[in-house]
Amino acid sequence: MPHSSSMSASANPPSRFEREDLTWRTMTLNDLEAAHRLSFKLGWPHRIDDWQQMLDVGEGVVLESIDGELVGTGLCFNQGAVATLGLVVISDDWQGLGLGREMMARLMALAGPRTLLLVATTVGQPLYQKLGFELCNRICQYQGVVTCAPPAPLQPGLRAMEASDQAALLALSPDSPAHAVAVQSANKGVVIENTGVIEGLALKRTYGRGEHIGPILARSAEQAQALVLALLADAEGDFIRIDLVDPDDDRWLTALGLSCVDEITRMRCGEAVEEGPLMRFGLLTQALG
């Protein structure tokens, strides 16, 4: 598992952009409060606990001014055949100097030869395209207070996650520390199991302004919808966020009080690879994939 206290030599290649008033280094736990302030200024909902959980399963790079001010962050999450990149932030006061490109170069070096995935803001998309990323998915961020409990979905094999499921659930993404932490720390989870085979999984956990549902893994869109509805059955009055991948008809969500507040792009650099035996209908987080 990646650890935040050290960085491999490949993570710190000779820089194409060096300044005497800036220092590039490994992110540590001592940086979390300053990193949280950067994301808060952007209106992102991450708590310090969310930053720490992501640092626990990834490797972070920070950019620090000569005065000790944290002016940039980025994280890389190696997950087997793929790596996801996220939380790439450069302070407004340091924009336009090529620092975002340099941050990406360092994160891509950390990832090595893996296929890279990230969720791009509209502002960041042109840079990522110049670095070789291409569009691969549409991500819709749904959130809001659940206004009514949905009826129980009629889906064969749908049931609550049990402790005895852990080994089978970890096997859905065996090379991903982020997936393992999600399974082990979820507040609630539901699965679809038929003839002894796990065909679907959705987890709910504390995140940001309330709770987040993800990842959502299934064989079909109908199964994915049933998994989400099962987790919303006792969520009336709760603030819920879901990041759906290429959603089609969302009336079943909007009827419950959730609305699409942002539509952004998932991008890939490298060959498309299978991320596991099931399709990904919802992200664990935008940074983790």
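Modeller: In this predicted model, four strands each supply at least two residues of the lining of the second largest pocket: E5, E6, E12 and E13 (279-282). E13 provides the largest share of that lining, 3 residues. The volume of the second largest pocket is about 380 Å³. Its lining is made up of 19 residues, and Asn137, Arg266, Val273, Glu275 and Arg280 are the closest to the centre. By type, the lining of the second largest pocket divides into 10 nonpolar, 3 polar and 6 charged residues.

In the contact, domain 1 takes part with 16 residues and domain 2 with 19 residues. Together the two domains bury an area of about 1400 Å² between them, and carbon and sulfur atoms give 57% of this area. On the domain 1 side, Pro45, Gln53 and Val57 supply 30% of the area buried against domain 2, more than any other three residues.

The largest pocket also draws on both domains. Domain 1 and domain 2 both give residues to its lining, so the largest pocket lies between them. Its volume is about 1000 Å³. A total of 40 residues line the largest pocket, and Leu42, Trp44, Val88, Thr121 and Tyr128 lie nearest its centre. This lining divides into 22 nonpolar, 13 polar and 5 charged residues.

Several elements contribute to the largest pocket. Strands E4 (82-90), E5 (115-120), E6 (134-145) and E12 (259-269), together with helices H3 (99-111) and H4 (125-130), each supply at least two residues of its lining. E4 gives the most, with 6 residues.

An unreviewed UniProt entry places the feature "domain: N-acetyltransferase" at residues 22-153. In the model, the end C-alpha atoms of residues 22-153 lie 54 Å apart, and the span is 30% helix and 37% strand.

Methods:
Residues are numbered from 1 along each chain as its sequence is written. This is a predicted model: local features need pLDDT of at least 70, side-chain atom pairs count only at pLDDT 80 or more; totals for chains, interfaces and linings use all residues. Side-chain values use heavy atoms; hydrogens and water are left out. On a 1 Å grid over the protein atoms alone, a cavity is a set of points where a 1.4 Å probe fits but cannot get out, and a pocket is an open set with protein on both sides within 12 Å along at least five of seven lines; lining residues have an atom within 4 Å of a point. Grid points are joined across faces, edges and corners, and a volume is the space filled by probe spheres set on the points. Ala, Val, Leu, Ile, Met, Phe, Trp, Tyr, Cys and Pro count as nonpolar, Asp, Glu, Lys and Arg as charged, and the others, Gly among them, as polar. Domain bounds come from an automatic or database domain assignment. UniProt positions are given in the numbering used here, feature names are shortened, and annotations may be inferred rather than shown by experiment. Contact means heavy atoms within 4.5 Å. Buried area is the accessible area (1.4 Å probe) that two parts lose on being put together, summed over both.
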